[in-house]
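Dear colleague,

Please find the structure below, handed over for your records. My notes on it follow.

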Amino acid sequence: MSAVCQYFQVHQPRRLKRYTFYDIGTDSEYFNDDGDRDTNNAKITRKVADKCYLPANEAMLANLKEFPEFKIAYSISGIALEQFEEYTPEVVESFKRLVDTGRVEILGETYYHSLAFLESPKEFREQIRMHADKVRALFGVRPSVFRNTELIFRNDIAEEIANLGYLGMLAEGADHLLEWRKPTFVYHAKGDESFKLLLKHYKLSDDIAFRFSNKDWEEWPLTAPKFAQWVNAHNGDGHVINLFMDYETFGEHQWEDTGIFHFLRAMPREILRHADNKFVTPREALEQYPSVGEIDAPQYVSWADIERDLSAWKSNPIQHDALRAFFALEDDVKRSGNEDLLRDWRRLSTSDHFYYMCTKWFHDGDVHRYFSPYDSPYEAFIAYMNALNDVRARVQSAPTEKHRRSFWQTLSRKSHAVLEALRS
Amino acid sequence: MYGWEFPPHFSGGLGIACHGLVRSLVADGVDMRFVLPRKFPVAYTGATMLFANEANPLDAEQTELFASGYMTEERFRFLQGQYPELQYGPSLFDEVLRYAARSPMVALSQQPDVIHAHDWLCFPAGMAAKRATGVPLVVHVHATEFDRTGFRSVNQAIYNIERRGMHEADKIVTVSEYTKQIIVEHYGVDPSKITVVYNGIDPDSEMVMTPEEAVVHRLKERGWGIVLAHGRLTMQKGLDYYLRAAKRVVDVRPNTAFIVSGSGDMAEQLIEQAAYYGIGDKVFFVGWTKGRAVSRLYRMADLFVMPSVSEPYGLVPLESLLNDTPVLISKQSGVSEVLQHALKTDFWDVDDMANKIIAVLDHPSLHHTLATEGAREARSQVWQRVAERCMMVYKQVVKMITRV
């Protein structure tokens, strides 16, 4: 018996424009590039909506209507949701239609798709709460299963999430976590049998996400019947097959002309052809299957790159420096009581900013470059540090702003009183 | 192989490039005869050195003055007035043509398989040798007239020589895709005839100093940021843009010093420009520096800037990286095609240049990452690879000829 558990990540960062040193103190709009570059967030959101979100949602909705057994889950970052609301409201509507079927689960994550857990448990919790509120406001559901940014996992993160009341969370089915064990079972976090874990089946997930259109791959072309066969081969070999991937796989990473949407539409029928197969959402998987063992992760594990660690975001000196400078501002920003300032600072917590600064893959200019809107990791760093310096400058000037506001408030209150007096 | 300048007495990248290429080709077993227009002292490479004119040999000092691949007509006229005893022709052109006139004799006596000529100064010599022997000709373009003049005042006669040389050659080697593009667009050459061979750098050369050897500047001890530019002070090198960026930087970061190392016909203009901007006290013109003195400058600087308007290749950023100093280079350069771990800017984008200079000075992490990753990259640009690429071109032209 194989249950297929599908989760798709939906995320769009607010990319920083090429914010220069000379903008510090004069321009506090960091994300408003409206030109031709790929740092134009409105442009990118529109593009990805047209290529991926809208057609993929349409295919998913068709699948849900055609197959009552079909189920899926999404994790949609808050910063992506707010950009959809701003630039492509029809995307929000189409996700709502999916959720309204009752067979689409929304997972919890940090609002800003951030790395807050690295230094600040407090900020981590606040962003998780913000995200849950946003999901409830838009979709009327409350997330009960958690997925952390880029599937990053460690024992202490599991503990933190368990304390927040989540049933369980997702993680990468990394070989060194599982050792001889299979990712097709449900596991539990170290020292907590009630907090369950679903581990990504990276072989089958990556067959779709990365290899689907690769003509050098011996299995190319990948058809739905072939994929269903691989799923069937797991019968009697576990409980659940976790297919976790970026939603942008459909139409954005694998373009429409690769046949990815046909695959998407044909897959449920082929999977369900086998009487023992079914679909489950992460919550159902956690509730239906017992844990078969404990996962001990003293080190960070993620789903990125071959290393499956944090090196994509935190390995070279510029990344360390940027993270340090970011967290150093937390207390001051929060103390300022300035909501705009707090929002902008939080937008700078998004993991993508640090990903763009990665140099480890820079040598052979491989696929990762595809994901960066900057000419080099150094350009990304320079823009980031300049913007952060502007945040710092605003923090320092915040008390005066407050002072000025209270001055105007007093003034208006006084004039109000004078008017009242005149009227009477 | 026909050259014009050669170490140890040279004035620019041409001499260094010839030296590196000759050494590697000889190491690969090529029987190399290297021809220079006049007799002057040269560094040992293992190649047989020939001089088209054995009479009136130059001494070291005269070589530095005359045997420059970057000579201009005005400077030549001035020099030959100063040194009448050397019996130079009345103009640089005469000298180029005299080289060409003597070249067939040299070629016939050596019986080469391939003739390789560097830049316009040697193109007439190469063409004459080809006509005399019927041997295939490879011309190597290190710089075009457009680069040297920054696309402003192209000398028609030099352009004509370049164009003829490129069209008469069987193959053309350029030092970058950037230069290849200029040749295709401005000289009407078929792109399939052109092969790009990036220059190398010798990581063991005496240019590289250990940190202990370097003298740290007094200003640095006082916490100043030090920015360096090094090159001929001509239109091509874009130092006027560098000074404009310097003005922008100093406005917001007063503790920054800008060093300009080099000499050339724009020196006075640049000094006046710095004074006009009111940053005369922040810009230091240190004159023409070479050898260990340059290494010391590299070591001293926090950032090396190459603001060239048009740079076919650009060896200096690699030298800087070998000395662990990060670089900010113009996108209008060949070397920007091979360096990933460098900051890049359009030479005219003064604000962007200033923004990046400040970033490197203000963020040690950026300096550190650019320096270590960049040095690794520079060390991988070995001459060995350059020689292999040249050999490939030689084999192609020889095959082309024998097939006909």
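How are helix 10 of chain B and helix 14 of chain B oriented to each other? This is a predicted model, in which local features need pLDDT of at least 70 and side-chain atom pairs count only at pLDDT 80 or more, while totals for chains, interfaces and linings use all residues. Residues are numbered from 1 along each chain as its sequence is written, and chains are lettered from A and ligands numbered from 1 in the order in which they are written.

To answer the question: the axes of helix 10 (residues 239-252) and helix 14 (residues 350-362) of chain B come within 8 Å and cross at roughly 60 degrees. The two helices are therefore oblique to each other (angles under 35 degrees count as roughly parallel, over 145 as roughly antiparallel, 65 to 115 as roughly perpendicular and the rest as oblique). Axes are lines fitted to C-alpha atoms, for helices over the stretch in contact, with angles running from 0 to 180 degrees between N-to-C directions. Helices (H or I, at least four residues) and strands (E, at least two) are DSSP runs, numbered from the N terminus.

From helix 10 of chain B, Tyr241(B), Arg244(B), Ala245(B), Arg248(B) and Val249(B) meet residues of helix 14 of chain B that include Met353(B), Ala354(B) and Ile357(B); contact requires C-beta atoms, placed from the backbone, within 7 Å. The residues of this contact comprise eight nonpolar, no polar and three charged (Ala, Val, Leu, Ile, Met, Phe, Trp, Tyr, Cys and Pro count as nonpolar, Asp, Glu, Lys and Arg as charged, and the others, Gly among them, as polar).

In chain A, helix 1 (residues 41-66) and helix 2 (residues 78-87) pack at an angle of about 90 degrees, with their axes 10 Å apart. They are therefore roughly perpendicular to each other. Asn41(A), Ala42(A), Thr45(A) and Arg46(A) of helix 1 meet Gln83(A), Phe84(A) and Tyr87(A) of helix 2.

Helix 5 (residues 119-133) of chain B is mostly covered, with 12 of its 15 residues buried (20 or more other C-beta atoms within 10 Å of the residue's own). Those buried residues pack against helix 1 (13-27), helix 4 (92-110), strand 3 (115-118), strand 4 (137-141) and helix 7 (156-168) of chain B. Just after helix 5 of chain B, Gly134(B) takes a positive phi of about 75 degrees.

Between the chains, the contact takes 15 residues from chain A and 16 residues from chain B.

Yours sincerely

Conventions:
Two residues are in contact if their C-beta atoms, placed from the backbone, lie within 7 Å.
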